Amino acid sequence: MSIYQRVSVDAALHVLRDINRNMTVTQNHITTGMRVAKAADNAVYWSIATTARTDNKAVSAIQDALGMAAATMGTAYTGVQNVIDVVSEIKAKLVAATEDGVDKSKIDEEIKQLQEQLRSVSESATFNSDNWVILNNDATPTQPRQIPASFIRNADGTISVGMLSYHIDNTPVGATSSKDARYLIDDRATGSGEYGVLTSAYFATELGTSQDYVLMTSKNGTTTGQVVISLSSSTTKGQVSEMISVVDAALTQLTTVGSAFGALEKRIELQNDFATKLHDNITAGIGRLVDADIEEESSRLRALQTQQQLGLQSLNIANATYDTVRQLFQNF
């Protein structure tokens with residue numbers, strides 16, 4: 001008599017091996033939460049998901065940049081708004097100085113304090129060491145600043161970064177004028193304060209006043225011929241009237257600057273909302289490609305466990321024949 005492995009045992013072992021292999025795969029899906037964890041699982045889906053993940057990290061970086069820009073822009077807008085309030089106060093003081101018998105020297109003291117407040121507010125409107133309302137030597141007023149606003153993957157696979165321009169910086173058309181005063185203060189050594197609303201003498205020049213009145217002078221620029229608005233006992237009503245006109249023109253330009261900041265702040269907010277939704281959609285798309293359905297996988301695991309138990313029983317039944325043969329010889 002020969003002892004050999006029966007066909008029924010081979011079949012039971014084969015089925016049991018398949019069940020154990022499927023159980024290992026299913027358990028990995030449940031443990032990792034992914035049905036495509038490596039390229040061998042599904043090369044196409046793995047490739048798409050890997051590219052999408054790298055793109056999503058770029059979108060996250062865009063969100064960070066937009067968040068930083070929004071905070072800086074909000075700080076700058078607050079500074080402009082406060083400056084408008086202070087300049088309005090100076091205008092009111094000048095109007096009061098037109099009254100007969102008023103002490104102009106006392107009003108002048110109040111105006112000086114307000115002018116100091118203008119520089120204090122402008123210099124304080126800084127976020128993360130970035131000030132958008134003061135023009136210094138390291139900035140060029142004719143070149144718009146830009147921030148990354150979008151990450152774009154083109155159909156041919158190439159990528160690009162969309163930029164958002166700061167509309168506060170407008171390139172002058174022709175000769176420089178008061179309309180080009182897009183900052184609060186211009187402290188550049190290479191200029192005369194012409195790009196700062198508070199330091200530009202173009203308001204007075206264009207109004208044809210007797211002197212080049214400014215609300216304050218540039219720290220580093222050429223200020224020859226400029227006269228800081230102030231009062232004394234000898235200041236005439238005509239001169240006060242000219243100062244009021246200059247301040248009023250500056251207020252109009254300050255409103256334009258504030259509107260530009262407000263419009264850009266809104267644009268940043270909208271772009272940030274879009275980037276957030278885009279990030280969420282890309283994440284969801286990756287999930288559809290590679291994530292495992294935990295409920296489905298759990299049900300599959302229970303079924304495989306049942307199949308495993310039945311397979312073991314089937315193997316035990318097939319092996320029972322060997323026990324029968326062994327019992328025949330146990331008394332010899």
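**Exercise 1. Is Ser 129 buried or exposed, and where does Ser 129 lie?**

Step 1. Take the relative accessible area of Ser 129: 75%. Step 2. Apply the cut-offs: buried is under 20% relative accessible area, exposed is over 50%, and partly exposed is in between (1.4 Å probe, protein chains only). Step 3. Ser 129 is therefore exposed. Step 4. Helices (H or I, at least four residues) and strands (E, at least two) are DSSP runs, numbered from the N terminus.

The model is predicted: local features need pLDDT of at least 70, side-chain atom pairs count only at pLDDT 80 or more, and totals for chains, interfaces and linings use all residues. Residues are numbered from 1 along each chain as its sequence is written, and side-chain values use heavy atoms, with hydrogens and water left out.

**Exercise 2. What phi values do Asn 128 and Ser 129 take?**

Step 1. Recall the background: most residues other than glycine have a negative phi. Step 2. Read Asn 128: its phi is positive, near 55 degrees. Step 3. Read Ser 129: its phi is also positive, near 65 degrees. Step 4. Locate Asn 128 in the loop between strand E1 (126–127) and strand E2 (130–131). Asn 128 is exposed, at 56% relative accessible area.

**Exercise 3. How many bridges join E4 to E5, and which residue is the bridge partner of Pro 148?**

Step 1. Find strand E4 (residues 146–153) and strand E5 (residues 159–165). Step 2. Count the bridges: 7. Two strands pair if DSSP finds at least two bridges between them. Step 3. Note the direction: E4 and E5 run antiparallel. Step 4. Pro 148 has Met 163 in E5 as its bridge partner.

**Exercise 4. Where does Gly 157 lie, and what is its phi?**

Step 1. Gly 157 sits in the loop between E4 and E5. This hairpin has 5 residues between the strands. Step 2. Gly 157 takes a positive phi near 95 degrees. Step 3. Its relative accessible area is 38%, so Gly 157 is partly exposed. Step 4. Gly 157 and His 29 are 128 residues apart in sequence and 31 Å apart in space, C-alpha to C-alpha.

**Exercise 5. At what angle do the axes of H2 and H5 cross?**

Step 1. Axes are lines fitted to C-alpha atoms, for helices over the stretch in contact, and angles run from 0 to 180 degrees between N-to-C directions. Step 2. Helix H2 (residues 43–96) and helix H5 (residues 237–290) have axes that come within 7 Å and cross at roughly 160 degrees. Step 3. Angles under 35 degrees count as roughly parallel, over 145 as roughly antiparallel, 65 to 115 as roughly perpendicular and the rest as oblique. Step 4. H2 and H5 are therefore roughly antiparallel.

**Exercise 6. How many helices and strands are in the protein chain?**

Step 1. Count 6 helices and 8 strands. Step 2. Of the 332 residues of the protein chain, 36% count as buried.
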